[in-house]
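Dear colleague,

Please find below the structure that I am handing over to you.

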Amino acid sequence: MAATRLVVFDFDGTLADTNKCIVSSWQHTLRRMGLPEVSAERIQAPIGLPLKDSFRIAVPEERLDEAVDIYHEAFHAVARDSVTAFDGVREALEAISSLGIDMAVASSRGNDSLEDLVDALDMTKYFRLICGGEFAEHPKPAPDLVLHILSELGVSASDTLVVGDAVFDIGMGNSAGCRTCGVTWGNQSREQLMTSSPDMVIDRVEELVPLL
């Protein structure tokens with residue numbers, strides 16, 4: 001196995017528990033628009049895709065932009081006070097940093113929101129790059145975000161591990177030629193993750209560092 005020089009993390013469901021905030025903001029949006037609410041399970045399924053694409057499960061095409069605007073207002077009103085890091089994440093980031101391994105974040109979340117939340121969790125210092133959806137011409141599971149990070153940092157795909165909680169993250173890493181690791185503490189189960197052929201799947205963040 002090639003030595004790991006770079007770990008690229010997804011954000012929502014991988015580093016941070018944003019689930020309750022996302023679900024409540026979704027439901028607020030649908031209520032404001034006079035549309036039927038959907039279950040938390042249906043909302044969770046597309047987390048990791050661009051927001052506009054996610055809303056297609058419940059919102060007519062001609063009202064997608066309206067939904068995104070309402071959602072952003074609702075989410076940002078509560079996010080900094082309600083989003084938390086998963087247990088053990090900071091310790092894992094500190095351990096990876098101490099090994100001299102670079103780290104980056106690749107998220108479909110808008111870059112301003114992403115940087116704000118990473119800062120609120122006091123994690124900015126760990127990452128060489130923090131890249132939101134604006135850095136990709138094509139969203140996950142296309143490889144664009146990871147390829148951008150590799151280019152910017154001058155690291156090869158074979159030296160990179162992509163870590164995420166959704167098949168979209170694993171697909172992104174696989175299509176970029178990187179090794180991939182699924183995590184089961186986020187929005188998708190081990191069974192769902194295995195459908196995207198990750199190189200490994202872990203159940204606790206403490207399992208990650210020994211794999212590097």
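Helices (H or I, at least four residues) and strands (E, at least two) are taken as DSSP runs and numbered from the N terminus. With that convention, α1 is followed by Gly34, which has a positive phi near 70 degrees. The model is a predicted one: local features need pLDDT of at least 70 and side-chain atom pairs count only at pLDDT 80 or more, whereas totals for chains, interfaces and linings use all residues. Residues are numbered from 1 along each chain as its sequence is written, and side-chain values use heavy atoms, with hydrogens and water left out.

Helix α1

The expected span of a helix is 1.5 Å times one less than its number of residues. For the 14 residues of α1 this should give 20 Å, and the end C-alpha atoms are 20 Å apart, which agrees. Buried residues (under 20% relative accessible area; exposed is over 50% and partly exposed in between, with a 1.4 Å probe and protein chains only) in α1 are Asn19, Cys21, Ile22, Val23, Ser25, Trp26, Gln27, Thr29 and Leu30. Their cover, counted by contact (heavy atoms within 4.5 Å), includes β2 (16–17), α2 (40–44), α3 and α4.

Pocket and cavity

Both terms refer to a 1 Å grid over the protein atoms alone: a cavity is a set of points where a 1.4 Å probe fits but cannot get out, a pocket is an open set with protein on both sides within 12 Å along at least five of seven lines, and lining residues have an atom within 4 Å of a point. Points are joined across faces, edges and corners, and a volume is the space filled by probe spheres set on them.

The largest pocket has a volume of about 400 Å³. Of its 25 lining residues, Leu49, Pro50, Leu51, Ser108 and Arg109 are the closest to its centre. The helices α1 (19–32), α3 (51–54) and α4 (64–82) each supply at least two residues of this lining, and α4 gives the most, with six. By class (Ala, Val, Leu, Ile, Met, Phe, Trp, Tyr, Cys and Pro nonpolar; Asp, Glu, Lys and Arg charged; the others, Gly among them, polar), the pocket lining has 11 nonpolar, eight polar and six charged residues.

There is one cavity of 30 Å³ or more, and the largest cavity holds about 40 Å³ of space. Its lining comprises nine nonpolar residues, one polar and no charged ones; among them are Phe9, Trp185 and Leu208. Helix α5 (residues 89–98) gives the most to this lining, with three residues.

Aromatic pairs

Rings of Phe, Tyr and Trp (its six-membered ring) pair if their centres lie within 6.5 Å; planes under 30 degrees apart count as stacked, over 60 as edge-to-face and the rest as tilted. The structure holds four such aromatic pairs. The ring centres of Phe55 and Tyr71 are 5.9 Å apart and their planes stand at 80 degrees, so this pair is edge-to-face. Phe55 lies in the loop between α3 and α4 and Tyr71 in helix α4, so the pair ties together parts 16 residues apart in sequence. Both Phe55 and Tyr71 are buried. Ring pairs link Trp26, Phe55, Tyr71 and Phe75 into a cluster.

Backbone

The peptide bond from Lys140 to Pro141 is cis, with omega near 10 degrees; Pro141 is placed in the loop between β5 (129–131) and α7 (144–153). Asp122 is not a glycine, yet has a positive phi of about 60 degrees. Asp122 is partly exposed, with a relative accessible area of 48%.

Yours sincerely
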